[in-house]
Amino acid sequence: MAVEEGNQANPLPGPLTGLLVADFSRILAGPYATMLLADLGAEVIKVEGPKGDDTRSWMPPVRDGVSTYYLGINRGKRSIALDLRDQKDAALARELVRRADVFIENFKPGGLTKYGLDYESVRADNPGLVYTSISGFGTGPGRDVPGYDLMVQAVSGLMSLTGDPAGPPYRAGISVFDVMAGNHAVIGILAALRHRDATGRGQLIEINLLSSALSGLVNHSSAYAAGGVVPFRMGNAHPSVFPYEPLPTADNDLIVAAANDSQFRKLCDVLGVPELADDARFARNADRTERREELRPLLVEQLKKRGANEWFDLLVAAGVPSGPINTIQGGFAMAERFGLDPIIEVGAGERAMPTTRNPIRLSETPPAYRLPPPDLDEHGAELRAWLSAAVSDDD
């Protein structure tokens with residue numbers, strides 16, 4: 001387990017040091033985005049209702065009685081519990097947003113208006129605010145449709161692409177569009193901050209899961225938008241490339257991704273069948289894709305002579321993309337093998353806990369892991385005191 005520079009007593013200042021983020025989001029997309037901002041140095045204040053973020057109760061699995069789901073997306077933040085239905089708490093919330101550089105929320109569209117926390121209300125007191133709103137289906141006719149990732153996987157078409165062609169559609173194993181929307185939110189925030197640096201003006205950012213999904217379906221979206229083709233699930237096969245799927249070996253399946261003619265030739269050389277690369281039936285990717293049912297058994301015949309891990313080492317050494325199908329444990333082990341140090345430690349003493357490394361590597365301002373995921377209202381007293389002075393003065 002690696003110890004990052006940012007874990008030490010005096011972490012290096014991050015590129016977002018000095019930014020105050022008021023995080024009114026919950027579940028996944030928003031908290032994931034604000035965690036990334038916190039890793040990069042932003043001061044993130046997580047505002048929760050009296051019962052806390054829903055993911056606090058999403059268990060098992062747990063670590064020391066706390067949901068690992070919650071732990072995985074909330075490091076680096078301070079927590080204050082505010083009941084927006086209470087006038088004093090709502091006033092504290094508005095004061096926090098007045099001071100903030102970035103505000104992020106995923107309430108039902110329009111749900112914050114009654115508390116004076118909608119964009120038009122808060123921009124009057126804080127014209128430089130970058131206000132980020134995340135919804136499931138936008139602020140138009142879809143505003144009243146709840147926005148859970150599973151729903152978006154269904155309605156976007158992703159589930160029609162996932163699973164065996166002869167079987168039912170399947171969801172992806174993670175909330176892929178929540179994560180994607182969180183990343184899109186971060187991109188939008190950084191772009192808006194750059195604009196603010198140049199003009200002094202903040203702006204409204206709107207992210208919705210369905211738009212993130214349709215963008216993230218990339219080649220499948222393009223097949224429909226540009227080609228008029230409606231793709232359907234092909235199991236683990238690729239519609240445009242072969243071989244680009246799991247193939248059986250002497251023990252386990254192995255991903256083989258020979259995506260161009262050069263890689264296919266190298267694959268044939270390693271498998272001991274160089275003549276296949278010169279066979280006119282398989283000369284180009286289009287030929288191999290069209291005749292995949294002819295080519296697959298010829299490749300499998302050779303792959304059955306060794307195990308997946310042995311083939312992996314031989315193929316990678318030859319420059320052929322491949323990989324065993326691991327469990328999550330195996331994925332972390334592979335990252336360790338490649339020197340990626342995938343697990344870092346956040347916090348200190350009894351609060352120290354392992355967490356997954358931020359994937360962004362910066363040579364001058366590396367991510368820092370300063371605070372463990374907070375208990376509900378852990379920093380409430382100090383934050384209330386900090387905000388209350390201004391609220392009292394206004395009264």
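Before the first stop, a word on helix axes: each is a line fitted to C-alpha atoms over the stretch in contact, and the angle between two of them, from 0 to 180 degrees, compares their N-to-C directions. Keep in mind, too, that you're looking at a predicted model.

**Stop one: two crossing helices.** Select residues 149–156, helix H5, and 176–199, helix H6. Their axes are 7 Å apart and pack at an angle of about 95°. That makes H5 roughly perpendicular to H6, because angles of 65 to 115 degrees count that way. Now show side chains: Asp-149, Val-152, Gln-153 and Ser-156 from H5 meet Val-176, Phe-177 and Asp-178 from H6.

**Stop two: helix H9.** Next, pick residues 261–271, and color the buried ones: Gln-263, Phe-264, Leu-267, Cys-268 and Leu-271. Which side of H9 are they on? They sit on the same side, because they cover an arc of only 140° around the axis. What do they pack against? Look for strand S10 and helices H10, H11, H12 and H13.

At the start of H9, a side-chain oxygen of Asn-260 comes within 3.2 Å of the backbone nitrogen of Ser-262. Just after the helix, Gly-272 has a positive phi of about 85°.

**Stop three: Asp-39.** Finally, click Asp-39 in helix H1, residues 29–39. Is Asp-39 buried or exposed? Buried, with a relative accessible area of 1%. Among the residues Asp-39 touches are Arg-75, Pro-367 and Tyr-369.

Notes. Residues are numbered from 1 along each chain as its sequence is written. This is a predicted model: local features need pLDDT of at least 70, side-chain atom pairs count only at pLDDT 80 or more; totals for chains, interfaces and linings use all residues. Side-chain values use heavy atoms; hydrogens and water are left out. Helices (H or I, at least four residues) and strands (E, at least two) are DSSP runs, numbered from the N terminus. Buried means under 20% relative accessible area, exposed over 50%, partly exposed in between (1.4 Å probe, protein chains only). Contact means heavy atoms within 4.5 Å. Angles under 35 degrees count as roughly parallel, over 145 as roughly antiparallel, 65 to 115 as roughly perpendicular and the rest as oblique. The arc is that of the directions from the helix axis to the C-beta atoms. A polar contact is a pair of N or O atoms within 3.5 Å; within protein, one must be able to donate a hydrogen and the other to accept it, and residues adjacent in sequence count only if both atoms are side-chain atoms. Lists of a residue's contacts leave out its neighbours within four places in sequence.
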